[in-house]
Amino acid sequence: MNLDQKLSELGPIQLDALKEVASIGAGNAATSLSNMLNGKIEMTVPEVNIMPVNQIPEIMGGAENLIIAMLVETEGDMEGGVLFALDTKAANRLIELLTGQSANIEDDLGEIEASALKEIANILTGSNLNAFAQMLDMTIKPDVPSLAYDMAGAILEVCFIELGQVGDYGLVVETEFKSDTAQGINGNFFLIPDPDSLEIMLKKLGVLDGE
Amino acid sequence: MGNKIRIKMADLNIGKDGDILITSGLGSCVGVTLYDSKSQIGGMAHVMLPEFPENKDDGNPAKYADTALDMLIDKLKKAGASKRRFEAKMAGGAQMFKFSNSSDKMRIGARNIEAVKKYLKKSNIPIKGSEVGKDYGRTMEFDVGTGKATIKTVKKDDIIL
């Protein structure tokens, strides 16, 4: 059985195990973000799904929908990357929270806006990866984030293909942020381990039987 | 307005006069169209990876440039198109992020473009239009009645191939 078949057969118990790890990551991330923004940021319990890669653009509003995405490549025991994606509105709100200045990335995505978003991506991916690294006893080394503002389909396709290579399925962790000053900031988090690393992770979680 | 036929990633389809073949959000993938203007039959593939892996036999052939184009040509021939009249157009193969690990496997876009070109050259199919590479996403719409391919992007004006 190949990895795609195994993934497609993961049941609710297995997904719950992943969800638990993701929740710890989200909790860490919320704490770090609150400290950074001097305000309370809450994050909802993440939804964890395994879905066919070609359906992933749909959860970001369709293949042609404009999104901004920060990609952090990872090395160590989990090779691959983490992608943090937002719609334009959510990105503007987050930049405003961080810089205290109004932002409109559709007209002006300058250095300040880009570095604010990269900083947030650093914190979120760092917190999440730490949770996974600790729970799974793995070493995960994140790289610096790179950024793209373009069609959801194109961005997601590139990440999953270039990092996941052969996989037809992706592991999607969806989290919503809430702050006391800004409403409805939705962010999507995609964990994109390469197939070997994913297999190791699932085995460590006790989700996959050793063969 | 013609009949719109949407082609997903790792998929392909054909159409006739009056149909518009569309594939959205091409990143590192390459959209390829083949067209026989005389019979007004055309097809489009959205390929993800360059070559069908030698050590695998359970992959989806529509995912890889070589096997997808084999399939597309077969399908077009069965519909009555003539291979010697085929003309190709292609779009996509972008690099959306500046990957810091610029190892070979990280340049799938460029490798997809090469694989499609190589296949077309080997099959003596001329490339009539191409909008590939760079760092932005594309949507490709192919009007089977006219043979025109429109490339849409987020930041630029439409390009007609």
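Let me start with one residue. A:Cys159 counts as buried, because its relative accessibility is 0%. Buried here means under 20% relative accessible area, exposed means over 50%, and partly exposed lies in between, with a 1.4 Å probe and protein chains only.

What about disulfides? A disulfide is a covalent bond between the sulfur atoms of two cysteines.

Some ground rules. This is a predicted model, where local features need pLDDT of at least 70 and side-chain atom pairs count only at pLDDT 80 or more, while totals for chains, interfaces and linings use all residues. Residues are numbered from 1 along each chain as its sequence is written, chains are lettered from A and ligands numbered from 1 in the order in which they are written, and side-chain values use heavy atoms, with hydrogens and water left out.

Now chain A. It has seven helices and eight strands. These are DSSP runs, numbered from the N terminus: helices are H or I with at least four residues, strands are E with at least two. Of the 211 residues in chain A, 55% are buried. The chain exposes about 8,800 Å². Carbon and sulfur atoms supply 44% of that area. Areas come from the Shrake-Rupley method with a 1.4 Å probe, and for residues only the protein chains shown count as cover.

Contact means heavy atoms within 4.5 Å.

Here is an example. A:Ala152 lies in helix α6, residues 152-164 of chain A. A:Ala152 is buried, at 0% relative accessible area. Leaving out residues up to four places away in sequence, A:Ala152 touches A:Met60, A:Gly62, A:Ala63, A:Asn65 and A:Ile67. A:Met60 is 92 residues away along the chain, yet the two C-alpha atoms are separated by 6.5 Å.

On to helix α7 of chain A, residues 195-204. Its buried residues include A:Ser197, A:Leu198, A:Glu199, A:Met201 and A:Leu202. Just after α7(A), A:Gly206 takes a positive phi of about 75°.

One record entry. UniProt, in an unreviewed entry, places "domain: CheC-like protein" at residues 13-50 and 112-147 of chain A. Such annotations may be inferred rather than shown by experiment; positions follow the numbering used here, and feature names are shortened. Residues 13-50 of chain A are 66% helix and 18% strand, with end C-alpha atoms 13 Å apart. Residues 112-147 of chain A are 69% helix and 14% strand, and their end C-alpha atoms also lie 13 Å apart.

Chain B next. Five strands form an open sheet in the order β2-β5-β4-β6-β7, with mixed pairing. Two strands pair if DSSP finds at least two bridges between them. β2 (11-16) and β7 (127-132) of chain B stand at the edges, each with a single partner strand, so one side of each has no neighbour in the sheet. Within this sheet, β4 (residues 30-36) and β5 (residues 41-47) of chain B run antiparallel, joined by seven bridges. B:Gly31 has B:His46 in β5(B) as its bridge partner.

Another open sheet of five strands has the order β1-β3-β8-β9-β10 in chain B, again mixed. Which strands stand at its edges? They are β1 (3-6) and β10 (159-160) of chain B, each with a single partner strand. Five bridges join β3 (residues 19-26) to β8 (residues 138-143) of chain B, which run antiparallel. There, B:Thr23 stands opposite B:Met140 in β8(B).
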